[in-house]
Amino acid sequence: MEERRETDAVGRSRSWGDERLSLLSTVGAGLNDREVLQHALDQAVSELGGLAGLMHWSCGPAGSRTLRLVLASGLPPAALGGWEEIRQDEAPLAPARAVRDGRFVWLPAAADETLGPGETLGPGETLGPAETFGPGATFGPGATSRASSGALPAATTVASVPLTGPDGPVGALSVLTGPREPTPEQAAFLEAVARWAERRLSRSAGGIGDCDEHPWWHQRPGGSVLQQSLEVVNVGSWEWGIRTGEMWWDRAGLTLLGIPRGYERRIESWIDLIHPEDMPRVMAATEKSLRERSGYEAEYRVRRPDGTSGWVQSRAHLELDENGEPVRMIGKVWDTTESRMARESVGQALRYMSDAFFAVNQDWRITFLNVEAERLVGPAAEVLGRPLWEGPAGTVPELEERCRRAAADGRPTGFDIQWPTDDRWYHIRLVSVPDGLTAYLTDATERRTQAARRAEAERAGAEQAARISELASALADAVTTQDVVQVVAAHVLPPFGASGLLVLFLEGGRLNVVGSVGYPRAFLRRIDGVPAFGGYRLLNEVLGSRRSFFISSTEEYVRLFPDLSGSPALARKNAWAVLPLIASGNAIGTCTVSFDEPRRLTADERTLLTALSGMVAQALARARLYDTEHARAQALQRGLLPRTLPSPAALTPAVRYLPASSGTDIGGDWYDVIPLSAERVAVVIGDVMGHGLAEAATMGRLRTAVHTLANLELPPEEVLAHLNEVVSDLGDDSFATCLYAVYDPVSGCCSLARAGHPPPLIVRPDGSVECLDPTPDPPLGAAEPPFSTVDLQLPDGSLLVLFTDGLVESAARDIDTGIAECTQVLTSEYGRLLTCPPRRPRTNGRGPGGEHGEDHDRLDRLCDLLVGTMLPAQRLTADDTALLIARLHGLPSGNTAGWPLPEDPVAAGLARTHVREQLEAWDLDDLVMTTELLVSELVANVVRHARGPTRLRLIRGRSLICEVSDASSTTPRIRRAAETDEGGRGLQLVSALSQRWGTRYTAEGKCIWTEQPIACGGAV
């Protein structure tokens, strides 16, 4: 049975070895030498069941060569120190023995476990107890102790085979295994892998010769001179407690990285997601940020738990304690997979275009060169990262001076030079970019001997290629769909001499116009919303075949699409390039570049336009997502603001709300007008600090809270105190400003309190403007009640101008300057015309009066004047703005009456008498009976349950208000009286007879009030 199992194991080993060799023969096409050999090394380790793999290369003069470690797999960095360089004549070590003897070798890993010349471990032999790695033992040449470097397991052995070149062994392929000797099949597989590696290297540019000639282990992907694409709209936030190791992600971050909801909030949860190849770079950026107390930025790949992967970018800032030590890192992360794809696509186009192209950074070190440039400057493996002037470019007369001048001026420049390596003439085009300089070299040898027309054509081709990087950089800054259309129009149309651009986006089975340049409106109305399949046959062909159509004349257009013969005349175009927009494998629309005159594009121009359409498609898909998300966010914010404001008799309001014109997040500015009892009205305006959906949601909560507190008839300082508790409960990072004011039209008094909010402007009827003390109480969330209250006596017709800081403050203007500019607008000739109160006829206060409509129009124009002056359309702002202007209307004289009442049961009868006499005087006889019942119940309730002094007041406004006040703070409540109860039904009667009723507290006690509707009509 044991023999049978061994036979099966050998058979499986042979089968797996064949499969692995077959796999090696198929994976190398798209990888460079280093990546392919790394894969072969991993296969060898897996086949032998080893612990790790090593590949050494022979360097130095013959006879004293050193084996250098060029590839490793499975060993921690601490364990590689002793294997980095091995003397070729050190026979006890397996790699050296394999190179020297030119055959398969199996030896112990430890240098002190020396076997005799030609000895290996025999079949079935293992290392004895004395040969294991105890504390302090060594595990390789020059190795350190187990405790300091993480020693290899006990009894580790090494199986090595030589790598042979034309002149003999040049390296060794080794696998670290356990004490059991590799089987003959495993040894044969290791040798087969070595032969395959020799064949692979013999086909490469550098061959398999000396290590100083084209060293393949220096290979790395080509760099890119393109700026990174703009971040996508979906952005996640994270926070890392540096001292505790706790790491927290918001919902967007969890979704972006694929982290499950129940993840462990530790820094290790993030580290496990980073691709191993990107780990050193990410850790280096983290250490630099902590060491220099600077910002953190890194782009890396993540391997999500669901098996998917992608590129992300993180940016963060540090929070320091009082000693300047970092305690917390807070940042954002966003997906850059699509932008990487776009950059790589452009990089491929640049790398294989016919002209030479290279780029240098600000230190004049070469960062990128394409295949043609390698012929002139040198192989990428040798010159990347080195100064440009150390190569052939340093011998070109005046080249360095002109390059430095182009970088300093920031303007593209071009001239002819003779290159020293081939003595040919080239036209070099220098373009300054944010991170350095790019150079395009077009062979101009033939041009210099031919006609000027051919020379100009070649130069124009080079200039068109130069715009690729400019377009990519501009698309990276484009945020909205219109931004993308404008960038394409500015960077694509001029180089090709085109006059028209039409971008159609596929939505709901129809093609909608999202941007156009140079097309008449009649044509756009005809093309907008056509079915994607079944409308214009040309567009159907482009979307269905996903290939570009190039039509050079109107005749060719009519011949291809006779059913669309009227379109060229309507569009006023005579040549077209219709390009499909493909993003993430899906056709998302079309892009048409058109010409006024017939035009036949060259093959290079067609290829370039097709390549550019891919970049445009990626940018449009990202911008479309941003437009959708931003529109939803703004709709949410506007839904939280009042749809319409009430128009109480005490004031006429006019408002404006303007979102920020720059940036991507929404704000938390808000306003409201709330009618109160006794014809009083509350006005409120506030601003939640910060931008985003969370701030908009906080604004909605505060607005709801203000409504609730206002209905409780609380004074302004108590309203702000309760709002301060609401904001404090949201967290230490939540703050808001607020101004709350209550205007009483009977007394003309306006009481207001402010928490961190800009002061209001008061415009009196004579046109004078007054600004309150600009120093308010601290903002909500940072204040300690009580809040201070300001009482103002404002005459009829005064204006209250309330605003948020977005109107008066910006990066170029402080708040005091902004308030002074607002005052100048209000006191200007046109401003005084709009602020002066309209003529107000004498009324009984029962209706709104026609003058309110006229006044509302004036206030609307005043809002437009302030916004247009303070926030002109051409000035971008990073903050939202809310503006509320209210015209105050005092109650005309003769519309109030009040009487003191005795603390006696006769008070009810006396109150009825006062009511009857006053209502008859006001010509409100139809309300006498109801009002007498109401006042009887209210006064009887005071006599029975409260204490004096008692007072009765009647107010005639849009409704009849009856108030009974006393010195008690007890709140009356409706209760359900049983059938046998003799009392308890008074407040039920009050509720049934009045339109509204309630209780408010005063400085002396409380006031119970009722409202009854008044039929309009009648004069005082």
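**Reading the labels on a predicted model**

Modeller: Start at the surface. E917, E920, D923, D925 and D926 gather there in a patch of negative charge. The model is predicted, so to speak of local features we need pLDDT of at least 70, and side-chain atom pairs count only at pLDDT 80 or more, while totals for chains, interfaces and linings use all residues. Residues are numbered from 1 along each chain as its sequence is written, and side-chain values use heavy atoms, with hydrogens and water left out.

Biologist: Where is E917 found?

Modeller: In helix α27, residues 907–921. Helices (H or I, at least four residues) and strands (E, at least two) are DSSP runs, numbered from the N terminus.

Biologist: Why is helix α3 called mostly covered?

Modeller: Six of its eight residues, 94–101, are buried. Buried means under 20% relative accessible area, exposed means over 50%, and partly exposed lies in between (1.4 Å probe, protein chains only). The buried residues are A94, P95, A96, R97, A98 and V99. After α3 comes G102, with a positive phi near 70°.

Biologist: How do you know that E297 and R315 meet in a salt bridge?

Modeller: A salt bridge needs a side-chain nitrogen of Lys or Arg within 4 Å of a carboxyl oxygen of Asp or Glu. Here N to O is 3.2 Å, so the pair passes the 4 Å limit. E297 lies in strand β9 (296–303) and R315 in strand β10 (309–320), so the bridge ties together parts 18 residues apart in sequence.

Biologist: Why does R315 count as partly exposed?

Modeller: Its relative accessibility is 33%. That falls between 20% and 50%, so the label is partly exposed. E297 has 43% and gets the label partly exposed too.

Biologist: How many salt bridges does a search of the whole structure find?

Modeller: The search finds 34. One of them joins R656 and D860, at 3.4 Å from N to O. R656 is in strand β23 (651–658) and D860 in helix α26 (851–870), 204 residues apart. R656 is partly exposed, at 22%.

Biologist: What makes the side chains of E963 and R953 a salt bridge?

Modeller: Their N to O distance is 2.9 Å. That is within 4 Å, so the pair qualifies. E963 lies in strand β35 (959–966) and R953 in strand β34 (950–956), so parts ten residues apart in sequence are tied together. At 4%, E963 counts as buried. R953, at 23%, is partly exposed.

Biologist: Why is the pair of W270 and Y300 called edge-to-face?

Modeller: Rings of Phe, Tyr and Trp (its six-membered ring) pair if their centres lie within 6.5 Å; planes under 30 degrees apart are stacked, over 60 edge-to-face, and the rest tilted. The structure holds eight aromatic pairs. In this one the centres are 6.1 Å apart and the planes make 75°. Both values pass, so the label is edge-to-face. W270 is in helix α7 (267–271) and Y300 in strand β9, 30 residues apart. W270 is buried at 7%, and Y300 is buried at 0%.

Biologist: What makes the pair of W364 and W389 tilted?

Modeller: The centres are 5.6 Å apart, and the planes make 45°. That angle lies between 30 and 60 degrees, so the pair is tilted. W364 counts as buried at 11%, as does W389 at 18%.

Biologist: Why is R572 called exposed?

Modeller: Its relative accessibility is 61%. That is over 50%, so R572 counts as exposed. R572 also has a positive phi of about 65°, although it is not a glycine. R572 lies in the loop between α19 (567–571) and β21 (575–583).

Terms used
Patch = residues over 30% accessible without salt bridge, like charges linked within 9 Å, V, L, I, M, F, W, Y side chains within 5 Å. Areas by Shrake-Rupley, 256 points an atom, 1.4 Å probe, with all protein chains shown as cover. Lys, Arg positive; Asp, Glu negative; His and termini not counted. Charge placed at Lys NZ, Arg CZ, Asp CG, Glu CD.
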